[in-house]
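Visitor: I would like to go through this model with you one packing contact at a time. Please give the criteria as we go along.

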Amino acid sequence: MKELFDEVSFKCSVLVTKSYSTSFSMAVKMLAPSIRDAIYSIYGFVRFADEIVDSFHGFDKEYLIIDFENEYYKAQKFGISLNPILNSFQQTVKKYNIADDLIQSFLKSMKMDLVKSDYNNTQEYQEYIYGSADVVGLMCLKVFVNGNDELYEELKGEAMRLGSAFQKVNFLRDLKDDNLVLNRNYFPGFDLKSFDEKAKNEIIREIDEDFKIAFQGIRKLPLEAKFGVYTAYVYYKKLLNKLENTPYHKIGNERIRVSNYSKAYLFANSFVSYKLRLV
């Protein structure tokens, strides 16, 4: 039965999420059960595309990302794909009316990673972040508002700022690997050679402003989504705090992490804050 295949497809998206990101999968568990599968399917799609351009060394990445894109559009056209990640994602796209321009912007940024190593000005930087992160926030927002277009338009700006904040934290945390392994530099004007405490603090101030605006949007989210999104927000704020308190040269030489114990403590505190209606 097709229903069984669809069920297996969504379970594959859950497996991808849990395998690649313990923190994100914990946050998704805090969403209402009715919307979890949709968010898992979005994560599975963007994770696989990102893995193609970041991890599949020794393979033809350009061919793989184009093939991935083509297979998605076949799935969208026919309503099925034997790739379970694409099969679950195309169902979410249709159910929640996710605009194709969001998907195209995301894939455009992924393809940029194959040919572009330096983002030399703010416009290039913002264009990449919009496609790689902001639109993912907007895809999720489509699920969260579940057809309420008025609320979607009201929260678009904050959703994009949250996506931006998450991505910039990732950039700062992954500074070493991006520069030395992938030969990429996302922050305009800064690389490992010019990175110092002043540069680090400038980046952190920029991210803090994103978080400040994003939090206002989190408070307006439907109850089904609010706690899960707030949980992810708290985790990334903690990671940013660790980066702020880490000397710049250490960030450039190792990957800063939040321990599993700290994650559990953060999520417990998030629950208390949520129940006390501080969010």
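Visitor: Which residues is Leu 240 in contact with, leaving aside its neighbours within four places in sequence?
Guide: Contact here means heavy atoms within 4.5 Å. Leu 240 is found in helix 11, where helices (H or I, at least four residues) and strands (E, at least two) are DSSP runs numbered from the N terminus. Leaving aside neighbours within four places in sequence, the residues in contact with Leu 240 are Val 169, Ile 204, Ile 207, Asp 208 and Phe 211.

Visitor: What conventions apply to the model and its numbering?
Guide: This is a predicted model in which local features need pLDDT of at least 70 and side-chain atom pairs count only at pLDDT 80 or more, while totals for chains, interfaces and linings use all residues. Side-chain values use heavy atoms, with hydrogens and water left out, and residues are numbered along each chain as its sequence is written, from 1.

Visitor: Is Leu 240 buried or exposed?
Guide: Buried means under 20% relative accessible area, exposed over 50%, and partly exposed in between, with a 1.4 Å probe and protein chains only. Leu 240 has a relative accessible area of 2%, so the term that applies is buried.

Visitor: At what angle do the axes of helix 8 and helix 11 cross?
Guide: Axes are lines fitted to C-alpha atoms, for helices over the stretch in contact, and angles run from 0 to 180 degrees between N-to-C directions. The axes of helix 8 (residues 149-173) and helix 11 (residues 223-244) come within 10 Å, and they cross at roughly 35°.

Visitor: How do the residues of the contact of helix 8 with helix 11 divide?
Guide: Among the residues that meet are Leu 162, Phe 166 and Val 169 in helix 8, and Val 229, Leu 239 and Leu 240 in helix 11. Ala, Val, Leu, Ile, Met, Phe, Trp, Tyr, Cys and Pro count as nonpolar, Asp, Glu, Lys and Arg as charged, and the others, Gly among them, as polar. On that basis the residues of the contact of helix 8 with helix 11 divide into twelve nonpolar, one polar and one charged.

Visitor: How is helix 1 oriented to helix 5?
Guide: Angles under 35 degrees count as roughly parallel, over 145 as roughly antiparallel, 65 to 115 as roughly perpendicular and the rest as oblique. The axes of helix 1 (residues 2-20) and helix 5 (residues 84-95) come within 8 Å and cross at roughly 100°. That makes helix 1, relative to helix 5, roughly perpendicular.

Visitor: Which residues does Asp 6 touch, not counting those up to four places away in sequence?
Guide: The place of Asp 6 is in helix 1, and with a relative accessible area of 12% Asp 6 is buried. Not counting residues up to four places away in sequence, Asp 6 touches Asn 87 and Gln 91.

Visitor: How many residues of helix 3 are buried?
Guide: Helix 3 (residues 33-55) has 23 residues and reaches 32 Å from its first C-alpha to its last, close to the 33 Å expected at 1.5 Å a residue, the expected span being 1.5 Å times one less than the number of residues. Helix 3 is largely enclosed by the rest of the structure, because its buried residues, out of 23, number 17.

Visitor: What is the phi of Asn 146?
Guide: Most residues other than glycine have a negative phi. Asn 146 lies in the loop between helix 7 (122-145) and helix 8, and Asn 146 counts as exposed at 56% relative accessibility. Although Asn 146 is not a glycine, its phi is positive, at about 50°.
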